[in-house]
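Student: Could we go through this structure together, step by step? I would like to see how each answer is reached.

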Amino acid sequence: MAKILLEKTDYYTNKAPRLPICICIDNSSSVLSSKFPDINEFIKNVIEYIDSNVECKTKVQLCIVAFNSEAEVISDFAAVDGTLYSVCYTANAPDLEKGIKKCIQLLNDRLRVYVEESISYYLPELLILSSGESSTDIEHIAQRLRIAQSAKKLAVTPFKIAKNDTDTLNKLTTDGIVYTELNDFTKIFECLKSGLELLSASSAAACKTLKSQAVGWEQLVEKR
Amino acid sequence: MKISYATAAGRQHQKDNMPCQDIIAVRKKNDVCTLVLCDGAGSKEYGLECAQTVSSVTADYLTNNFSTFTKDVLIEKINTALEEKGYTDKNSGTTLLFVACDDKSFILGHVGDGVILMRAASGIKTISKPENGHLENITYFLPSEEAKEHFFSQKGPLGAKTAFILASDGASSLLYDPQTLKGAPACAKLISWLKENDEEEGNELLQENIEQIFREYTSDDISIAVMTN
């Protein structure tokens, strides 16, 4: 039988740097059910924007986690291919710690894939859309997040999406920035878009020197 | 169903004069066709023996109990067989990937790293991706307390185009895209080689490509198995 060998184009060796973004969404009873059409519109806008931008589509890997009393992976890290996802309101209590822990686990798993595949990556982003309420103590997980941010291993941006105390969300960041546009998910999307525009405008080599105009998103373009 | 498979010791094992610790077991009986791939833990004293035991027990169980399969019973049978031989999570460990089919449906299962790809009408996609533990280069093994929690299994109907590829971690990175979870073009070729040739020729083609292509990209043991109708 004739010898047949695979050609180089038959197997994957894609080594483009990746930007992992994890969106952690509170779908507990602490968020008004009437907000969910807006939340899902926000998700749709993010996906459609990334899908329409060649640079983002190549580099961004998106993950969506929803949490109430449990954490649910709506979409594990993957390149955006236009598939839309949505989250539903639940009547359960908000376990913010569980939601963040799930995100950290998924982020760690993703970074491990990059290491194994010898793929460089941008500073991972964790977006937390939360009421700020938690049924469990978040001190320990908040400390872990702050340590990771101080060590430049993770960027965390919380968005407050209910009229509750912001102190909890402040604990999750080292820069103290908490976005509070309660009813305007368009602004949250614009904030994310600003960071992603810088990503697409920059070469990997220039990433370190770029400064974002969108407050809080400088880290997005800082390459490890 | 037709099955082709091949394994090769990685460069590191060859250098150390060690055997390949990837084990593949195949059974065909009463219209049930079973393919099992185990990657024995190189870090454990009885990694190879564990892979041999787990692949054999899994293949026998699936072939003889296809219609009543549960992962709990399979794990129990695996644990019993390992205990009888004195293999524990301290001295042994293996990953597990399997697919079994009768004439209408399939069952697949996965613990640890490696990848299972499936061809359906919509194309070739990753149906179970590698799962790693909390530390780099650590994965989930059988036997272990956490294996049950991390045991992925799925049942589904067989379509006219359904085919499967199982690959150990040495080969998986070339065959699936962790971004899109799509199978590489190579997957369609591997399936078509088996479709167009008999099993023995399919084995030879796989072996040749593992030796010539895949070994260029990894020092780990490599195994690939293909099942198609």
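Tutor: Here are some questions and answers about the two chains.

Tutor: This is a predicted model, where local features need pLDDT of at least 70, side-chain atom pairs count only at pLDDT 80 or more, and totals for chains, interfaces and linings use all residues. Residues are numbered from 1 along each chain as its sequence is written, chains are lettered from A and ligands numbered from 1 in the order in which they are written, and side-chain values use heavy atoms, with hydrogens and water left out.

Student: Which residues of H1(A) are buried?

Tutor: Buried means under 20% relative accessible area, exposed means over 50%, and partly exposed is in between (1.4 Å probe, protein chains only). By that rule the buried residues in H1(A) are A:Phe36, A:Ile39, A:Asn40, A:Phe42, A:Ile43, A:Val46, A:Ile47, A:Tyr49 and A:Ile50.

Student: How many salt bridges are there over all chains?

Tutor: Side chains of opposite charge can pair when their charged atoms come close. A salt bridge here is a side-chain nitrogen of Lys or Arg within 4 Å of a carboxyl oxygen of Asp or Glu. Over all chains, the count by this rule is 12.

Student: What is the N to O distance between A:Glu97 and A:Lys101?

Tutor: Both residues lie in helix H3 (residues 96–116) of chain A, four residues apart, which is about one turn of the helix. A:Glu97 counts as buried because its relative accessibility is 17%, whereas A:Lys101 is partly exposed at 39%. Their side chains meet in a salt bridge with an N to O distance of 3.6 Å.

Student: How many residues apart in sequence are the parts tied together by A:Glu139 and A:Lys171?

Tutor: The side chains of A:Glu139 and A:Lys171 meet in a salt bridge at 3.1 Å, N to O. A:Glu139 lies in helix H4 (residues 139–150) of chain A and A:Lys171 in the loop between helix H5 (167–170) and helix H6 (185–201) of chain A, so the parts that this pair ties together are apart in sequence by 32 residues.

Student: Is A:Thr173 buried or exposed?

Tutor: A:Thr173 is found in the loop between H5 and H6 of chain A. Contact means heavy atoms within 4.5 Å, and, not counting residues up to four places away in sequence, A:Thr173 touches A:Arg146, A:Gln149, A:Val156 and A:Pro158. Its relative accessible area is 5%, so A:Thr173 is buried.

Student: Which way do strands E4 and E5 of chain A run, parallel or antiparallel?

Tutor: In E5(A) (residues 155–160), six of six residues are buried. A:Ala155, A:Thr157 and A:Phe159 point one way, while A:Val156, A:Pro158 and A:Lys160 point the other way. Two strands pair if DSSP finds at least two bridges between them; six bridges join strand E4 (residues 125–130) to E5(A), and the two run parallel.

Student: What share of the residues of chain B count as buried?

Tutor: Chain B has six helices and 10 strands. Among its contacts between residues at least 6 apart in sequence, 71% join residues at least 24 apart. Of its 229 residues, the share that counts as buried is 55%.

Student: Which are the edge strands of the open sheet in chain B?

Tutor: The open sheet has five strands in the order E1-E10-E9-E6-E7, with antiparallel pairing. An edge strand pairs on one side only, and in chain B these are strand E1 (2–8) and E7.
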